[in-house]
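Colleague: I am new to this structure and would like to be taken through one part of it step by step.

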Amino acid sequence: MQTGMHISIIGMGLYKLLMSLRVPNKLNVFICIGVIWCYGIMTGMGASAVRAIVMFGLHFVARMIGRTYDMMTALSLAAVLLLIEQPRYVEHSGFLFSFGAIAALCLLTPVLWEKDRKPRGSVGKLWKSVHRMRQALASGAAVALVQLPIHLVFYYQFPICSILINLIVIPLSTIVMYNGMFCMLTGGFLPVIARKAAYINSAILWVYEKSCMLCEKASYGNIIAGKPERWQVEVYILMLVILSAVGKKMSSWWKIQWIIAALALLMFRHDGALSITVLDVGQGDGIYIRSEAGMHYLIDGGSTSKSDVGNYQLLPYLKSQGVKRLEAVFVTHADGDHYNGIETLMEASDKGGIRILDLILPDIGESARSEAYEKLIREAKEHRIDVKYMSRGQFFENGEMRVTCLHPYEDYNTLDANEYSLVLYLRYKNFQALFTGDVEGEGEEELKRYIEKSSILQGPISLLKVAHHGSGNSTGEDLLKLLDPQLALISCAEKNSYGHPHPDLLDRLENQECIVYITKDKGAITVHTDGRKIAVETFR
């Protein structure tokens, strides 16, 4: 978008300069088109650059031959030329942002901004300032309305502050562009003057940077709405098209109601059932749970095979689900493949990101607490996140969902972090799920003894998140017979040096007649349930 604006500024500025020098109009047009074409090549000929070059060229060719210029026709021609060369541009966010913004200015701004009759006398100057401000606000609102679904489809959030920032950025960008060109031309032989002129750009860019940083930190800076369904986007766009066609005949009240209805439809999310998603984080674990009451939880979030899994997988996925707040994040044990992405979530939580209310760790003895375990506690407190500890028998409820800790018992001591892994039992109506972290060895034996003694399970469990990424040394035959799971989910990388999932483990699951889904084969795996029926959805 900025490249396109720069092309318009350069082209128009050069045209006016050559006009003042009495360059013939046809020669002037050819020179200007040639210069902006070269500028487009220099900047990589992105979608916004091609759009601006085509529109600028048509504008001045029309002026040269004495024909009228229609902005929407020029915009449509630019889109057609780009899509002929690369049809999949229609799925590219840069293409949609650039063309959507211009379409909004052409079609929606005249509907949102009604010209007032110009008064005479001294009041006219004040009217002119108010008039321009209203036009700028209407243009910003129109662009925001059109770009909103693009933001939500590609980034799952909308930067609400961008509307206000654009009121600063767009007018000042002309100054930055022309002043930058002046510094470039004079820097070689008038360095003192060029350096002083550059201070102007430094000040403006400083304002840009501070404004963006302020909006990023503000809790209201971004609206996380999640990814809308395709039909929602299509109906929303149709409503905007209808508004642009008949909006001038509507009263202001009806325009506002129409826009509110379109926004409500686009933002609508229906959360009526329990859903559990085992994310494809490679060699690691990341499990997202949404209760039927619309509360959000995360069990683990880390990987040793994918870098920066927090920024590139956990945050985008949570935002795509419209998650603004996590009621609790459970870390089953202090191994990097279970928590390194959660560190990223905690850092982002107090910078306008997804807020985390509680970090829940297994309640273990002092000798079992590693440096990584203590580090998690310190980081949570630094980011103002409450740290809580969970041990056998403790539970919480959300609506009809109840989550109970089965392992470890309070002050459990071991030198092996896998053995103290937090094991959570979820019950929702007739649906039962067991999340086992990396529990194995003595931890698994202790878990098995407790299940047998307590009789907490009510028949075969519906879902088992298999322990330790499908290791051959975990989820033994005796435990499987006790659980008798209908569905088993395994999280592991496609290529890992551990041989996960182990053939012996797969044989045990097959003998138990259990349906198995593995993230390395299916991608993210989501289980939906109303408490009775189960539906499984895979990314691949």
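This is a predicted model: local features need pLDDT of at least 70, side-chain atom pairs count only at pLDDT 80 or more; totals for chains, interfaces and linings use all residues.

Colleague: How many residues of strand S3 are buried?
Modeller: Strand S3 runs over residues 274–278 and is mostly covered. Leu274, Ile276 and Val278 point one way from the strand, whereas Ser275 and Thr277 point the other way, and all are buried.

Colleague: In S16, which residue is the bridge partner of Ile276?
Modeller: Strand S16 covers residues 525–529, and S3 pairs with S16 in the antiparallel sense over 5 bridges. Within S16, the bridge partner of Ile276 is Val527.

Colleague: Which residue takes a positive phi in the hairpin of S3 and S4?
Modeller: S3 also pairs in the antiparallel sense with strand S4, residues 284–290, over 4 bridges, and in S4 the bridge partner of Ser275 is Arg290. The hairpin of S3 and S4 has 5 residues between the strands, and the one with a positive phi, near 80 degrees, is Gly282.

Colleague: Is Ser275 buried or exposed?
Modeller: Ser275 lies in strand S3, and, leaving aside neighbours within four places in sequence, Ser275 is in contact with Tyr288, Ile289, Arg290, Thr526, Val527 and His528. Its relative accessible area is 3%, and because buried means under 20%, Ser275 is classed as buried.

Key:
Residues are numbered from 1 along each chain as its sequence is written. Side-chain values use heavy atoms; hydrogens and water are left out. Buried means under 20% relative accessible area, exposed over 50%, partly exposed in between (1.4 Å probe, protein chains only). Helices (H or I, at least four residues) and strands (E, at least two) are DSSP runs, numbered from the N terminus. Two strands pair if DSSP finds at least two bridges between them. Contact means heavy atoms within 4.5 Å.
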